Amino acid sequence: MAGNRGNPVNLVNMEAVDKVHGTRTLLDAVSLGVSEADKIGVVGRNGDGKTTLIKVLARQEEPDAGRVTHAGGLRLGVLTQHDSLDPQATVRHEVVGDMADHEWAGVARIRDVLTGLFGGLDMPGFPQGLDTVIGPLSGGERRRIALAKLLIAEQDLIVLDEPTNHLDVEGISWLAGHLRARRSALVCVTHDRWFLDQVATRMWDVQRGSVHEYEGGYSDYVFARAERERIAAQEETKRQNLMRKELAWLRRGAPARTSKPRFRIEAANALIEGEPPPRDSQELMRFANSRLGKTVFELADVTVQAGPKVLLKHLTWQLGPGDRIGLVGVNGAGKTSLLRALADTARTGGEQASPLVTEGRIKVGKTVKLAYLSQEVAELEPTLRVLEAVEAVRSRIDLGKGREMTASQLCERFGFAKEKQWTPVGDLSGGERRRLQILRLLMDEPNVLFLDEPTNDLDIETLTQLEDLLDGWPGSLVVISHDRYFVERTTDRVLALLGDATLRMLPRGIDEYLERRARMEARAAAATPAAAPEQTAVEQPAASAKSPAKPAGLSRAAQKEMQRIERQVEKAEQREATLHAELAEHATDFERVAELDAELREVREKREELEMRWLELADTEGA
């Protein structure tokens with residue numbers, strides 16, 4: 001479906017589309033188009049119709065009025081919130097179908113997708129790799145499989161509903177790069193603002209039945225919407241101020257938080273003139289010290305273990321008053337376990353260690369009042385009203401400096417309008433329950449806050465409200481999140497768990513984390529000789545230098561040289577094994593790691609040369 005570069009082909013048209021659910025109008029006379037060059041991000045509050053919009057666009061739902069037309073022969077791929085995978089099938093059957101191993105392993109896109117989404121062609125983390133049956137897998141694992149299946153196919157248009165859910169920071173970074181490089185057009189609903197800035201060239205904002213279009217990514221959308229609201233909606237001053245505050249943060253940060261800054265600089269600077277920084281860090285630190293004293297959490301020679309797996313070994317670290325920490329790391333490295341170990345110890349006032357702590361000691365400050373938002377949504381009495389659930393904790397919250405807010409006012413800040421505050425908890429959506437869980441935590445006026453994946457199920461508008469509230473919150477904060485934007489927006493320092501049982505500070509934040517992970521992956525790849533493209537991850541060359549099958553008819557000289565090569569290859573493999581052991585032993589000594597890594601590359605290159613020479617001799621003499 002190639003169009004010429006100056007006149008891209010129109011793939012989908014929506015003309016005067018209406019869609020009503022119950023008594024709610026979700027789409028009201030909406031007219032939109034998607035061209036082959038478009039990469040469109042879709043944002044809006046939960047319940048305003050984002051998912052309905054893309055279902056109608058993809059013809060998964062019929063409009064009540066108007067029409068949707070697709071270009072002839074359109075190849076359309078759709079990722080919904082609920083997959084249609086066969087639970088009886090294997091991953092192999094769903095992702096690569098009937099292709100033989102040597103066929104799919106020779107396709108660069110398939111190798112790229114499997115490595116990017118699952119960490120390798122052998123799918124580490126799945127019990128039987130590609131032959132794992134889908135039925136028993138978790139929702140997150142099934143969703144990654146559905147995404148892989150879609151991305152491997154050739155498409156003219158890809159429609160994705162929350163594709164970053166269940167992906168870690170590395171997976172999201174890979175997906176952004178993959179979608180940027182694809183020629184397919186894209187329509188994507190997501191609350192991940194960093195992802196939108198990396199991928200989107202246009203934005204659709206779904207609001208109360210209408211869809212407003214903006215050019216550029218999320219940063220440009222924030223500017224354009226703030227300017228539009230300033231001009232057209234004076235009564236929306238509160239929302240405009242939030243947008244201005246976020247815009248000020250975007251403009252002060254690393255080049256507009258996007259690889260392609262497209263702000264109209266003069267207009268943006270005029271809009272944020274006089275806007276203070278999001279947080280007065282010194283003032284917050286003074287307030288935190290007065291509430292917390294000198295000690296919050298002190299860890300001395302602590303080892304954290306979950307079952308037989310040691311997650312952190314001999315960790316000495318201090319969380320101080322007013323510290324705002326972002327915690328990132330590979331899945332299973334121990335991020336959640338570390339927070340649980342601290343929370344368990346805090347519950348006993350430091351008198352009793354967490355069962356996760358097998359060595360060392362955790363000291364807890366006497367004044368610590370901890371609130372811990374876990375990934376699980378706390379169950380509440382379903383007949384309880386929203387406002388009642390919040391007031392059950394406290395009716396007012398002290399924001400410091402003589403400011404306070406009632407439970408009802410805080411509910412409004414988090415998207416529960418007056419009428420919604422009387423909705424029974426049992427009637428709330430997953431995102432609304434998540435919002436209520438955060439509300440109840442904040443109403444208890446903690447001075448230490450642990451947030452484990454707080455952005456799950458929250459729309460962008462609610463996230464900006466939460467960020468604004470945290471800007472003035474005086475206390476110690478630790479955030480675990482795959483939402484890079486939220487981590488950078490709410491914290492001052494980033495610490496990483498890289499899977500080697502240590503905790504490291506990253507001065508350059510998540511960029512440095514991704515660089516380190518890429519180096520670790522490269523070292524791991526260097527340790528395992530890659531199969532040739534026509535071979536699979538499982539199959540090995542028929543003639544390997546380690547256990548060669550020498551062809552008949554070799555000359556005596558060739559046989560002697562091949563035997564000498566085999567001995568040298570064996571020595572090289574032994575040296576590689578030694579170097580890997582030394583790399584693990586000196587993992588925190590970066591100078592030593594660099595030296596060992598350089599030697600490992602040399603040894604591996606030499607071994608590959610020897611193996612190639614062995615194969616040349618075998619081919620020449622056996623011909």
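Predicted model: local features only at pLDDT ≥ 70, side-chain atom pairs only at ≥ 80, totals over all residues.

User: OK, zooming out. How many helices and strands does the chain have?
Analyst: The protein chain has 20 helices and 20 strands.

User: And what share of the residues is buried?
Analyst: Of the 623 residues in the chain, 50% are buried. As for the surface, the chain exposes about 28900 Å², with carbon and sulfur atoms supplying 48% of that.

User: What about contacts between residues 24 or more positions apart?
Analyst: Taking contacts with a separation of 6 or more, 69% of them are between residues 24 or more positions apart.

User: Let's talk sheets. What's the strand order in the six-stranded one?
Analyst: That's an open sheet with mixed pairing, and the order runs β14-β17-β18-β12-β19-β20.

User: Which strands stand at the edges?
Analyst: β14 (370–373) and β20 (503–506). Each has a single partner strand, so one side of each has no neighbour in the sheet. From one strand to the next, the twist averages 20°.

User: Which helix packs on that sheet?
Analyst: Helix α12, residues 335–347. It touches β12 (324–329), β14, β17, β18 and β19 (493–497), and the direction of α12 makes about 145° with that of β14.

User: How do β17 and β18 run, parallel or antiparallel?
Analyst: Parallel, with five bridges joining β17 (residues 448–452) to β18 (residues 476–480). Across that pairing, Phe450 stands opposite Val478 in β18.

User: Phe450, then. What else is Phe450 in contact with?
Analyst: Leaving out neighbours within four places in sequence, the list includes Leu339, Leu342 and Ala343, along with Leu370, Ala371, Tyr372 and Leu373. Phe297, Leu319 and Val478 are in contact with Phe450 as well.

User: Which residues touch the most other members in the largest nonpolar core?
Analyst: Phe450 is one of them, together with Phe297, Leu299 and Tyr513. That core has 75 residues. Apart from it lies another core, of 54 residues, including Ile110, Phe118, Leu121 and Leu130.

Notes:
Residues numbered from 1 in each chain as written. Heavy atoms only, no water. Helix = DSSP H or I, 4+ residues; strand = E, 2+ residues; numbered from the N terminus. Buried < 20%, exposed > 50% of the residue type's maximum accessible area, 1.4 Å probe, protein only. Contact = heavy atoms within 4.5 Å. Areas by Shrake-Rupley, 256 points an atom, 1.4 Å probe, with all protein chains shown as cover. Pairing = 2+ DSSP bridges. Axes fitted to C-alpha atoms, helices over the stretch in contact; angles between N-to-C directions. Core = buried A, V, L, I, M, F, W, Y, C linked by side-chain atoms within 4.5 Å.
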